[in-house]
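Biologist: I would like to learn how to read a few features of a protein model. Could we take them one at a time?

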Amino acid sequence: MEITILENQLTPEEFIALYTSVGWTPPCTGQVRAALENSLAVFTAVSGSSTAGMVRVTGDGAMTFFIKDAAVAPEFQRIGVGRLLISAAEDFIRTCLKPGWAASAELISSSGKERFYEKLGYRSKYGTGMIKMIRR
């Protein structure tokens, strides 16, 4: 199965479909569109005409980058799609750094997926990732 990684081509509809496929409740289309437009980069894994996975990179573009919304459709899990997406995100982060710079790539793992990220070198070195949803 051939997987291609595309940059900044994910549609809100594809985002919502992937989000839903992994059991998450998606935001509304308008909010997704704004998030995609304001991301530093968005990577999509595709196989033929199927959207296999996605990941967004947000942050300040210099010291801190957040890897967000990493999701792989269930039928494409366990074949390396997630690894390809995280690699694309990390490669993008490297392109933002000037020689001698270092930056943190941060993420919050879904419960039960920590081992996947640990295999890629991510550690909970500075405590536990936390999140608070703020609503209006």
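Biologist: How many aromatic pairs does the structure hold?

Modeller: This is a predicted model, and it holds five aromatic pairs. One of them joins Tyr19 and Trp24, with 4.9 Å from centre to centre and 70 degrees between the planes, which is edge-to-face. Planes over 60 degrees apart count as edge-to-face.

Biologist: Is Tyr19 buried or exposed?

Modeller: Tyr19 counts as buried because its relative accessibility is 15%, and buried means under 20%. Trp24 is at 26%, so Trp24 counts as partly exposed.

Biologist: How are the rings of Phe116 and Tyr117 arranged?

Modeller: Their planes stand at 75 degrees and their centres are 4.9 Å apart, so this pair is edge-to-face. Phe116 is partly exposed, with a relative accessible area of 31%, whereas Tyr117 counts as buried at 10%.

Biologist: Which residues form one aromatic cluster?

Modeller: Phe15, Tyr19 and Trp24 form one cluster.

Biologist: What should I know before I read phi values?

Modeller: Most residues other than glycine have a negative phi. In this model, Asn8 has a positive phi, near 55 degrees, and is not a glycine. Asn8 is found in the loop between strand S1 (4-7) and helix H1 (12-21). At 48% relative accessibility, Asn8 counts as partly exposed.

Biologist: What is the phi of Arg78?

Modeller: Arg78 has a positive phi of about 70 degrees, although Arg78 is not a glycine. Arg78 lies in the loop between strand S4 (64-72) and helix H3 (81-96). With a relative accessible area of 86%, Arg78 is exposed.

Biologist: Where does Ser39 lie, and what does its side chain reach?

Modeller: Ser39 sits in the loop between helix H2 (29-38) and strand S2 (41-47). Its side chain reaches the backbone oxygen of Ala35 at 2.7 Å. Ser39 counts as buried because its relative accessibility is 11%. Apart from neighbours within four places in sequence, Ser39 is in contact with Arg56, Val57 and Thr58.

Biologist: Which residues make the nonpolar surface patch?

Modeller: Ile108, Ile131 and Met133 make a nonpolar surface patch of about 340 Å². Residues in a patch must have over 30% relative accessible area. Met133 counts as exposed because its relative accessibility is 57%, and its place is in the segment after helix H4 (114-119).

Note on methods
Residues are numbered from 1 along each chain as its sequence is written. This is a predicted model: local features need pLDDT of at least 70, side-chain atom pairs count only at pLDDT 80 or more; totals for chains, interfaces and linings use all residues. Side-chain values use heavy atoms; hydrogens and water are left out. Patches are made of residues with over 30% relative accessible area and no salt bridge: like charges are joined within 9 Å, nonpolar side chains (Val, Leu, Ile, Met, Phe, Trp, Tyr) within 5 Å. Accessible areas come from the Shrake-Rupley method with a 1.4 Å probe; for residues, only the protein chains shown count as cover. A salt bridge is a side-chain nitrogen of Lys or Arg within 4 Å of a carboxyl oxygen of Asp or Glu. Helices (H or I, at least four residues) and strands (E, at least two) are DSSP runs, numbered from the N terminus. Buried means under 20% relative accessible area, exposed over 50%, partly exposed in between (1.4 Å probe, protein chains only). A polar contact is a pair of N or O atoms within 3.5 Å; within protein, one must be able to donate a hydrogen and the other to accept it, and residues adjacent in sequence count only if both atoms are side-chain atoms. Contact means heavy atoms within 4.5 Å. Rings of Phe, Tyr and Trp (its six-membered ring) pair if their centres lie within 6.5 Å; planes under 30 degrees apart count as stacked, over 60 as edge-to-face and the rest as tilted.
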